[in-house]
Amino acid sequence: MWQGNRVLTEQSAYSNRWRRVTPFAKGWFSLCGMVAAFAAASPRSALLVALILCAVTILGAGVPPLRYLRVAAPAFLFLLASGLSLALSLDFGGTAGGASLHLATAELPRLAQICCRSLACLTALLFLTLTTPLADIISLMRRCRVPDTLLDLMTLCYRTLFVLSETVHDTITAQSARLGYAGLRLSLRSLGGLVANLTVHVWQRSQALHLAALARNNDGALSFLETVYPHSPRTISIAAVAGCLMIALSVKLP
Amino acid sequence: MTDVLLKLEQVSYRYPDGTNALSGCSLVIRQGKRTVVLGANGAGKTTMFLHLNGILRPSAGQVFYGGVPLDYSRSGIRELRSRIGLVFQNPDSQLFSASVREDVSFGPMNLGLEKRIVGERVAAALHAVRMTECADKPVHNLSYGQKKRVCIAGVLAMQPGLIVLDEPMSGLDAAMQRELLAVLERLHADGMTVVIATHDLDFAYEWADDAIVLQKGKLLAQGTAAVLLQQTEVQAELGASPVIADIAASLALTGMAVRDKGYLPRSRRELLAAISAFHRQESDR
């Protein structure tokens with residue numbers, strides 16, 4: 001599931017209609033979406049913000065609806081589970097001695113507000129991740145003066161994710177080929193082997209990356225040439241106006 | 001020899017785990033030549049390469065660049081690594097960034113160049129390895145051969161005078177090998193010194209000017225590749241011999257003159273041409 005999601009996010013980020021739009025404009029609009037989510041006066045207005053962001057991602061950037069749903073599904077489910085766990089409570093102190101389920105009726109309006117806000121924030125983040133490759137997001141964060149160490153870690157983690165997921169895949173295939181997952185006991189054993197193998201692999205990989213960095217004259221922070229997007233005051237203005245309108249709408253709507 | 005670019009003199013290196021990877025190894029790399037480094041696994045090829053651009057420092061002995069001992073100060077190392085590019089065997093172990101263009105810019109950015117110049121160098125390096133159209137692709141979406149070419153571009157963007165490649169052909173199919181070879185040939189034609197570690201004796205015999213053969217951390221033999229690879233001692237150490245050399249030598253024994261100006265053919269094409277020429281001469285008689 002996780003790996004599939006990651007690939008889907010990648011595909012969208014690199015193939016959507018707004019791939020070449022400056023990340024500054026997309027980042028600004030996404031930020032406005034989150035501000036609107038928190039500024040929303042009611043669950044209804046937060047829900048409207050979520051709908052707007054979702055529509056902009058699907059209709060504006062041209063992300064296929066089905067792909068959007070598949071990427072969003074785990075997060076939506078997580079939100080649903082969190083909402084349910086807040087709304088329902090188990091009571092073991094009942095007169096019959098058994099457990100009973102209670103609905104926290106008094107808290108429902110507040111709960112609705114939290115869930116709708118979370119949903120809006122989620123769609124704002126989805127808008128950014130599905131329209132902007134991570135390399136661009138990192139370069140945007142660099143311009144926003146996010147500390148270099150954090151960005152270096154993000155760059156390496158992102159790159160390493162792909163390398164390691166390939167290793168995991170290859171190891172599992174090799175283990176399965178020798179009946180490594182043919183039963184519960186064997187599966188647990190193979191899983192242990194996989195984790196141990198991966199630990200050594202990570203260590204060796206970090207050594208190799210360190211050598212490669214030295215060979216290319218690195219002596220500290222990882223610096224790359226950032227992709228230059230055509231400076232487009234028009235795009236940034238549109239994003240700014242649209243974002244501010246969204247905030248205003250969420251505040252004004254009863 | 002005045003054209004010596006790099007020289008190792010009695011270099012020894014012991015890894016922290018006690019392995020003696022190099023012990024009293026002496027060799028030279030000549031400017032503007034195509035050099036192959038041969039040797040069994042564990043002969044010390046990679047360790048030797050790591051000494052060439054100062055990543056490892058000899059436990060004993062010295063490395064000379066242009067006749068001058070390597071300067072291991074911060075600025076000296078910086079200078080050296082901008083002149084000697086090292087391409088490792090596994091591309092996934094040396095690509096850092098998410099996008100191709102960014103990754104190629106890593107070296108020149110480390111040199112502290114202006115962004116405009118870095119941009120120009122990146123474009124030129126990507127063009128040299130014919131990867132311009134992949135510049136904005138994420139690295140993980142490339143094929144193995146393309147990743148190798150990006151690694152080479154990353155080193156070329158630093159504009160070194162010498163490029164060292166550790167087993168660049170491993171894992172590549174025949175078509176990719178040809179493409180990579182074409183890239184290396186262009187670099188060499190532009191005046192770059194190219195050093196390659198390989199296990200492929202046929203490739204070494206056909207391609208290289210010079211050969212260096214390592215054996216258990218020492219130099220076994222060094223010299224002209226075409227001559228060296230026909231020596232029994234070298235062939236015994238490497239456990240093989242170039243097929244073209246064997247065939248040509250056998251044909252020569254049967255009286256078929258496949259020697260051209262005293263040299264045996266080094267490639268399949270040269271051998272076939274020599275055989276055809278011989279038959280033409282025979283039929284003309």
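Hi everyone, a word on conventions before we start. This is a predicted model, in which local features need pLDDT of at least 70 and side-chain atom pairs count only at pLDDT 80 or more, while totals for chains, interfaces and linings use all residues. Residues are numbered from 1 along each chain as its sequence is written, and chains are lettered from A and ligands numbered from 1 in the order in which they are written.

Let's begin with chain A. It has nine helices and two strands; helices (H or I, at least four residues) and strands (E, at least two) are DSSP runs, numbered from the N terminus. Reading from the N terminus, the order is α-α-α-α-β-β-α-α-α-α-α. Chain A has a radius of gyration of 23 Å, well over the 18 Å that the globule rule gives for 254 residues, so it is more spread out than a compact globule. For the record, that radius is taken over C-alpha atoms, and the rule is 2.2 Å times the number of residues to the power 0.38. The C-alpha trace of chain A spans about 65 × 60 × 35 Å along its principal axes.

How much of chain A is buried? Of its 254 residues, 26% are. Buried here is a count: 20 or more other C-beta atoms within 10 Å of the residue's own, with exposed at 12 or fewer, partly exposed in between, and C-beta atoms placed from the backbone. As for contacts (C-beta atoms, placed from the backbone, within 7 Å), residues 24 or more positions apart account for 77% of those in chain A with a separation of 6 or more.

Chain A is divided into domain 1 (2-89 + 103-132 + 228-252) and domain 2 (148-215), with bounds that come from an automatic or database domain assignment. Their centres, taken over C-alpha atoms, are 32 Å apart.

Now, where do the chains meet? The contact takes 26 residues from chain A and 33 residues from chain B. On the chain A side, α1 (2-15), α6 (134-143), α7 (148-177) and α8 (184-215) each supply at least two residues, and α8(A) has the largest share with seven residues. By class, that side has 17 nonpolar, five polar and four charged residues. In this scheme Ala, Val, Leu, Ile, Met, Phe, Trp, Tyr, Cys and Pro are nonpolar, Asp, Glu, Lys and Arg are charged, and the others, Gly among them, are polar.

On to chain B and its strands. Strand β8 (residues 193-197) of chain B has five of its five residues buried. Which residues of β8(B) lie on each face? Thr193(B), Val195(B) and Ala197(B) are on one side, and Val194(B) and Ile196(B) are on the other. Strands count as paired if DSSP finds at least two bridges between them. Strand β3 (residues 34-38) of chain B runs parallel to β8(B), joined by four bridges, and Thr35(B) stands opposite Val195(B). Strand β7 (residues 162-166) of chain B also pairs with β8(B) in the parallel sense, over five bridges; there, Leu165(B) stands opposite Ile196(B).

Chain B also has an open sheet of four strands, β2-β1-β4-β5, with antiparallel pairing. Its edge strands are β2 (20-30) and β5 (68-69), each pairing on one side only. Between strand β1 (residues 4-14) of chain B and β2(B) there are seven bridges, and Leu8(B) has Leu27(B) as its bridge partner in β2(B).

Finally, the core. A nonpolar core is a set of buried Ala, Val, Leu, Ile, Met, Phe, Trp, Tyr and Cys residues joined through C-beta atoms within 7 Å. The largest one has 125 residues, and Val49(A), Ala120(A), Ala153(B), Val164(B), Ala204(B) and Ala211(B) touch the most other members. Helix α5 (residues 108-131) of chain A gives the most to this core, with 11 residues. Take Ala120(A): leaving aside neighbours within four places in sequence, its contacts are Gly33(A), Ala36(A), Ala37(A), Ala40(A), Ala46(A), Val49(A), Ala50(A) and Leu53(A). In general, nonpolar side chains tend to be buried together in soluble globular proteins.

How values were computed:
Two residues are in contact if their C-beta atoms, placed from the backbone, lie within 7 Å.
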